[in-house]
Structures are given as C-alpha cells and as structure tokens.
Amino acid sequence: MPGEDRGQVRVVVYQAAYDEGQLAAVREAYHQVSERLAKVPGMLGNELLRSPADPTALAVMSRWESMEAFLAWEAGAEHRQDTAPLRPFRDTRTTVPFAVYEVDAAY
C-alpha cells in the first residue's frame with residue numbers, strides 16, 4: 001500500500017572492490033555482517049549493490065523500521081563489531097563513507 005514505508009530509514013554504506021579477489025572478499029564480509037544484523041531490533045533487511053557503470057563501486061543498503069531503531073543500534077557497543085568485516089572495503093573515493101535517508105514517500 002502506498003506510504004507504508006514512510007518513516008523507515010535507508011542507510012547506504014559505500015564499498016569498493018578493485019579485482020575479483022576483492023569482490024569475493026566483499027561478498028563474504030557482506031554475508032558475515034548480514035547474519036549479525038539479522039538479529040538487530042528494527043533492522044528490516046539489506047542488499048549488496050554493484051554499479052553497472054563502475055563495477056568497482058559497491059554499496060550496502062540497509063532498511064530500518066525507524067530512525068530511532070537505526071540510531072539505537074549505531075550508538076550501541078555492537079555497531080562497530082557488527083560491521084567490522086566490511087570496514088576494510090570502504091570506498092575511499094567518496095567524500096563521505098555513508099548516507100542516511102528517511103523514506104518520505106513510497107509506492
């Protein structure tokens with residue numbers, strides 16, 4: 001139904017893989033992180049995305065039920081440990097490592 005996602009949050013973390021070995025490592029790290037985050041209250045799911053225009057550019061987009069849920073997890077002690085496997089693959093070409101968006105409208 002339109003508008004059901006309003007108030008949810010999307011977090012995009014920029015990653016990079018410069019060869020097939022790194023891509024395999026990013027995928028493995030993504031699955032490790034995803035297993036940990038599946039147990040986090042308020043986490044609705046996530047996706048590993050790859051740019052067709054620049055195959056070295058990847059992003060992990062997570063979906064949260066609310067800004068409060070995301071901020072509670074981010075402030076918690078587990079946050080850094082949960083995401084540690086992906087940290088070596090952050091895309092340093094971007095000016096910021098991540099972006100946070102609230103859903104304003106959806107269909």
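Student: Is Ser-66 buried or exposed?

Tutor: Burial is judged by relative accessible area, and a residue counts as buried under 20%. In this predicted model, Ser-66 has a relative accessible area of 15%, so Ser-66 is buried. Ser-66 is found in the loop between E3 and helix H2 (67-75).

Student: Which residues does Ser-66 touch, leaving out those up to four places away in sequence?

Tutor: With those set aside, Ser-66 touches Gly-7, Gln-8 and Val-9.

Student: Where is Arg-63 placed, and what does Arg-63 touch?

Tutor: Arg-63 belongs to strand E3 (residues 57-64). Not counting residues up to four places away in sequence, the contacts of Arg-63 include Val-9, Arg-10, Gly-42 and Met-43. Distance in sequence and distance in space should be read separately: Arg-63 and Gln-8 are 55 residues apart in sequence, while their C-alpha atoms are 7.2 Å apart in space. Arg-63 counts as partly exposed because its relative accessibility is 24%.

Student: How many aromatic pairs does the structure hold?

Tutor: There are three aromatic pairs. In one of them, Trp-64 and Phe-70 are arranged edge-to-face, with 5.6 Å centre to centre and 65° between the planes. An angle over 60 degrees counts as edge-to-face. Trp-64 is buried at 1% relative accessibility, and Phe-70 is buried with a relative accessible area of 4%. Trp-64, Phe-70 and Trp-73 form one aromatic cluster.

Student: How many salt bridges are there?

Tutor: The structure holds four salt bridges. Such a bridge requires a side-chain nitrogen of Lys or Arg within 4 Å of a carboxyl oxygen of Asp or Glu. Arg-10 and Asp-5 form one, with their closest N and O atoms 3.7 Å apart. Here Arg-10 is buried, at 15% relative accessible area, whereas Asp-5 is partly exposed, at 27%.

Student: Which parts does the salt bridge between Asp-104 and Arg-6 tie together?

Tutor: The side chains of Asp-104 and Arg-6 meet at 3.5 Å, N to O. Asp-104 lies in the segment after strand E4 (98-102) and Arg-6 in the segment before strand E1 (9-16), so the pair ties together parts that are 98 residues apart in sequence. Asp-104 is exposed, with a relative accessible area of 54%, and Arg-6 is exposed, at 55%.

Student: Where do Asp-54 and Arg-93 lie?

Tutor: Asp-54 is in the loop between strand E2 (43-50) and E3, and Arg-93 is in the loop between helix H3 (78-83) and E4, 39 residues apart. Their side chains form a salt bridge of 3.4 Å, N to O. Salt bridges with shared partners join Asp-54, Asp-91 and Arg-93 into one network.

Technical notes: Residues numbered from 1 in each chain as written. Predicted model: local features only at pLDDT ≥ 70, side-chain atom pairs only at ≥ 80, totals over all residues. Heavy atoms only, no water. Helix = DSSP H or I, 4+ residues; strand = E, 2+ residues; numbered from the N terminus. Buried < 20%, exposed > 50% of the residue type's maximum accessible area, 1.4 Å probe, protein only. Contact = heavy atoms within 4.5 Å. Phe/Tyr/Trp six-rings, centres within 6.5 Å; stacked < 30°, edge-to-face > 60°.
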